Amino acid sequence: MNSESARSFFITGASGFLGASIVSVISKELPNARITLLQHRRPLSARGHVRVVSDLTPKRGDIVIHAAAATHARPEVYIQSNTALTANLIRASQSAGIAHFVYISTLSAGPEFGSYGASKAEAEKIVKESGIPYTIIQLSEMYGGTSNEGLSKLIALVRRFPIIPYIPHTVFAPLYVDDATQAIVRVATLPPTDKTYTIAGSEVLSFRDTVETIASVFGKRILSVPIPSVFLFPFATASDQVKRLKHRKNYDYSRAREELSFRPRSFRKGLHNVCDM
């Protein structure tokens, strides 16, 4: 592992809310670190120790944090953005001789979670079989920051509308983005373990309890109405998302608690932070 002053990072997905948070934390906690960002979709700005590149060009000794991914798209986009991009970055990393490959994955990795899950599971396999020292982070459902997807979108809906539909028999472990970021940066600054860590919120809540907790924190009176998931399946992207919602995930983050000192905040506490933003 490089000394703190000489650490260098190659980060993908920095235009997304999680990637931007990762860059922000590294810049604050490791001010002398060199950071290279992969340009993707939204423009990124070079500043200080941060540079922006348009090609997969990690350098020898870099710590790669691969956070770029498509989450709500068509199957072919998942393959291109999740699986193929990971494979290309792994090949570039093998050629460069990088120090540590940190792959940001999901607890929805697996074909049972639809095309998205299949693409992430295949990407994990590529990482594990690469021969590069790696750590895989599987995240639960996130909220906070500048996100307008997933639970953040649900929070916005509850704040805006008096009636909220929900899918029965669905659960979440709401994960505040700052908690996810701290765990990722912690992993990236430790020696690689060739392990997979679950990073999840401290509570497992039903969809209905999640909605009602949001309403309670924001002082909203709502009516939550169950909706059968079968009504959503005619829509291609929705059916993929419904598969992610309906299949149970393993939210046990005990390994991260013991080895990374991971202590996620409660959903209510995280929501109060959202209130203050």
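Is Gly144 buried or exposed? In this predicted model, Gly144 is buried, with a relative accessible area of 6%, a value that falls under the 20% limit for burial. Gly144 is placed in the loop between β7 (142-143) and α4. Beyond its neighbours within four places in sequence, Gly144 is in contact with Phe17, Ser152, Tyr176, Val177 and Val274. The C-alpha atoms of Gly144 and Arg160 are 17 Å apart in space, for a separation of 16 residues in sequence.

Two packed helices are described by the angle between their axes and the distance between the axes. Helix α4 (residues 150-160) packs with helix α6 (residues 207-217) at an angle of about 55°, and their axes are 9 Å apart. The arrangement of α4 to α6 is therefore oblique. In handedness, the crossing of α4 and α6 is right-handed. On the α4 side the contact involves Leu151, Leu154, Ile155 and Val158, which meet Phe207, Thr210, Val211, Ile214 and Ala215 in α6. Sorted by class, the residues of the contact of α4 with α6 comprise eight nonpolar, one polar and no charged.

Helix α6 also packs with helix α9 (residues 267-275); here the axes come within 10 Å and cross at roughly 45°. With this angle, α6 is oblique to α9. The crossing of α6 and α9 is right-handed. Thr210, Thr213, Ile214, Ser216 and Val217 of α6 form the contact with Phe267, Arg268, Leu271, His272 and Cys275 of α9. The contact of α6 with α9 contains five nonpolar, four polar and one charged residues.

From α2, the contact draws on Pro75, Tyr78, Ile79, Asn82, Thr83, Thr86, Ala87 and Ile90, and from α3 on Ser115, Tyr116, Ser119, Lys120, Glu122, Ala123, Ile126 and Val127. The contact of α2 with α3 includes nine nonpolar, five polar and two charged residues.

Lys120 of α3 is also among the residues touched by Ser105. Ser105 belongs to strand β5 (residues 100-106) and is buried, at 5% relative accessibility. Besides Lys120, Ser105 touches Glu124, Ile136, Ile137, Gln138 and Leu139, when residues up to four places away in sequence are not counted.

The largest nonpolar core has 41 residues, and Ile26 and Ile65 have the most contacts inside it. Helix α5 (residues 177-188) supplies the largest share of this core, with seven residues. Apart from this core lies another, of 20 residues, including Ile167, Val211, Ile214 and Val217. Ile26 touches Phe9, Ile11, Pro31, Ala33, Ile35, Ile65 and Val185, residues up to four places away in sequence not being counted.

Ile11 is also a contact of Leu38, a residue of strand β2 (residues 34-38). Leu38 is buried, at 8% relative accessibility. Its contacts, not counting residues up to four places away in sequence, are Phe10, Ile11, Thr12, Leu44, Val53, Ser54, Asp55 and Leu56. The C-alpha atoms of Leu38 and Val52 are separated by 6.0 Å, although the two residues stand 14 residues apart along the chain.

Backbone geometry was examined last. Most residues other than glycine have a negative phi, and most peptide bonds are trans. His169 has a positive phi, near 60°. This residue is located in the loop between β8 (163-166) and β9 (171-172) and counts as exposed, at 68% relative accessibility. Asp194 likewise has a positive phi, near 55°. Asp194 is found in the loop between α5 and β11 (195-199), where Asp194 is partly exposed, with a relative accessible area of 43%.

Notes
Residues numbered from 1 in each chain as written. Predicted model: local features only at pLDDT ≥ 70, side-chain atom pairs only at ≥ 80, totals over all residues. Heavy atoms only, no water. Core = buried A, V, L, I, M, F, W, Y, C linked by side-chain atoms within 4.5 Å. Buried < 20%, exposed > 50% of the residue type's maximum accessible area, 1.4 Å probe, protein only. Helix = DSSP H or I, 4+ residues; strand = E, 2+ residues; numbered from the N terminus. Contact = heavy atoms within 4.5 Å. Axes fitted to C-alpha atoms, helices over the stretch in contact; angles between N-to-C directions. Parallel < 35°, antiparallel > 145°, perpendicular 65-115°, else oblique. Left-handed = near helix turned anticlockwise from the far one by under 90°. Nonpolar A, V, L, I, M, F, W, Y, C, P; charged D, E, K, R; others polar.
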